Amino acid sequence: MTAASTPKGERRRQLLVVAAAELLSEGGFAAIRHRAVAERARLPLAATTYYFDSLEELITAAVRHEAEEELAAGRRRLEELSERSLGTEEVVELVLDLLLGTDSRDGGTESVLLRYERLVGSPRRPYLAESMRDLHSRLHELLAEIFRRSEADIGHERMLELIALVDGAVVNALIESDPDPRGAARRMLRAQLLR
C-alpha cells in the first residue's frame with residue numbers, strides 16, 4: 001500500500017482535485033499551476049507531483065470533477081421535480097444550467113466566457129479528448145432525459161440543434177458585449193420550445 005492509496009492520501013488527492021477544479025472555474029486552464037493548486041488546497045507544493053504524474057493528469061482530474069459535479073447537480077434537480085411532466089420554463093432553466101453552468105444564473109459574462117474558453121480550448125489539449133467525449137455523451141443522455149420528461153417530441157438531432165442554438169446565442173451575445181448571455185440564450189431556447 002502506498003501513501004497515496006491510504007485514506008489520508010485519498011483525502012489529500014481529492015483536496016488537490018477540488019482546488020484545481022475551483023481554479024479552472026475561476027480562471028480557465030491557465031490558472032491551474034502546481035503552486036496555485038497546492039496553495040488553494042493548503043498542501044505542500046510537492047503534493048501536486050506526488051499525487052499526480054503530470055500537470056495534464058491534474059487538469060484532467062479537475063475537468064472531470066467539475067463536470068461530474070454539474071451532471072450530479074442536474075440529475076438531482078431533475079429528480080426534485082419528481083416524475084411529473086416538466087414545463088417549458090423548467091426545461092429551459094435545466095438545459096441552461098447544464099450548458100452554461102449554474103454560475104450563469106446571476107447574469108454577467110465572466111462565468112459563461114470562461115466556460116466557453118475552456119470548451120473551445122480543450123481540443124488543444126489532446127489528453128482531455130477521452131474525458132471530454134465521455135462527459136459530452138453523459139451530458140447528452142441527461143439532456144435527452146430532461147426533454148423526455150417534458151413530453152416534447154425532441155429526438156437526438158433536434159436536441160443537437162437546440163444545443164447549437166444556445167451556443168450560437170451565447171457566442172453572439174459575448175461578441176456584442178451583451179451583459180447577460182444566458183438571457184439571450186434563454187429567449188432563443190424558449191422561442192424554439194414554444195413553436
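At roughly what angle do the axes of helix 1 and helix 4 cross? Before the answer, some housekeeping. This is a predicted model, in which local features need pLDDT of at least 70 and side-chain atom pairs count only at pLDDT 80 or more, while totals for chains, interfaces and linings use all residues. Residues are numbered from 1 along each chain as its sequence is written, and side-chain values use heavy atoms, with hydrogens and water left out.

Helices here are DSSP runs of H or I, at least four residues, and strands are runs of E, at least two, numbered from the N terminus. An axis is a line fitted to C-alpha atoms, for helices over the stretch in contact, and angles run from 0 to 180 degrees between N-to-C directions.

Now the answer. Helix 1, residues 7–27, and helix 4, residues 55–80, cross at roughly 75°, and their axes come within 8 Å. That makes helix 1 roughly perpendicular to helix 4 (65 to 115 degrees; under 35 is roughly parallel, over 145 roughly antiparallel, and the rest oblique). Contact means heavy atoms within 4.5 Å. On the helix 1 side the contact residues include Leu16, Val17 and Leu24, and on the helix 4 side they include Leu58, Ala61 and Glu66. The residues of this contact divide into 10 nonpolar, three polar and three charged. Nonpolar covers Ala, Val, Leu, Ile, Met, Phe, Trp, Tyr, Cys and Pro; charged covers Asp, Glu, Lys and Arg; the others, Gly among them, are polar.

Helix 4 also packs with helix 7, residues 129–149, at an angle of about 10°, with the axes 11 Å apart. That makes helix 4 roughly parallel to helix 7. This contact divides into nine nonpolar, three polar and eight charged residues.

Next, the records. An unreviewed UniProt entry places "domain: HTH tetR-type" at residues 10–70. That span is 79% helix and 0% strand. The unreviewed entry also places "DNA-binding region" at residues 33–52, a span whose end C-alpha atoms lie 12 Å apart. Such annotations may be inferred rather than shown by experiment.

Last, the rings. How many aromatic pairs does a search of the whole structure find? One. The ring centres of tyrosine 50 and tyrosine 51 are 4.9 Å apart and the planes are at 90°, so the pair is edge-to-face. Rings of Phe, Tyr and Trp (its six-membered ring) pair if their centres lie within 6.5 Å; planes under 30 degrees apart are stacked, over 60 edge-to-face, and the rest tilted. Tyrosine 50, at 47% relative accessibility, is partly exposed, whereas tyrosine 51, at 10%, is buried. Buried means under 20% relative accessible area, exposed over 50%, and partly exposed in between, with a 1.4 Å probe and protein chains only.
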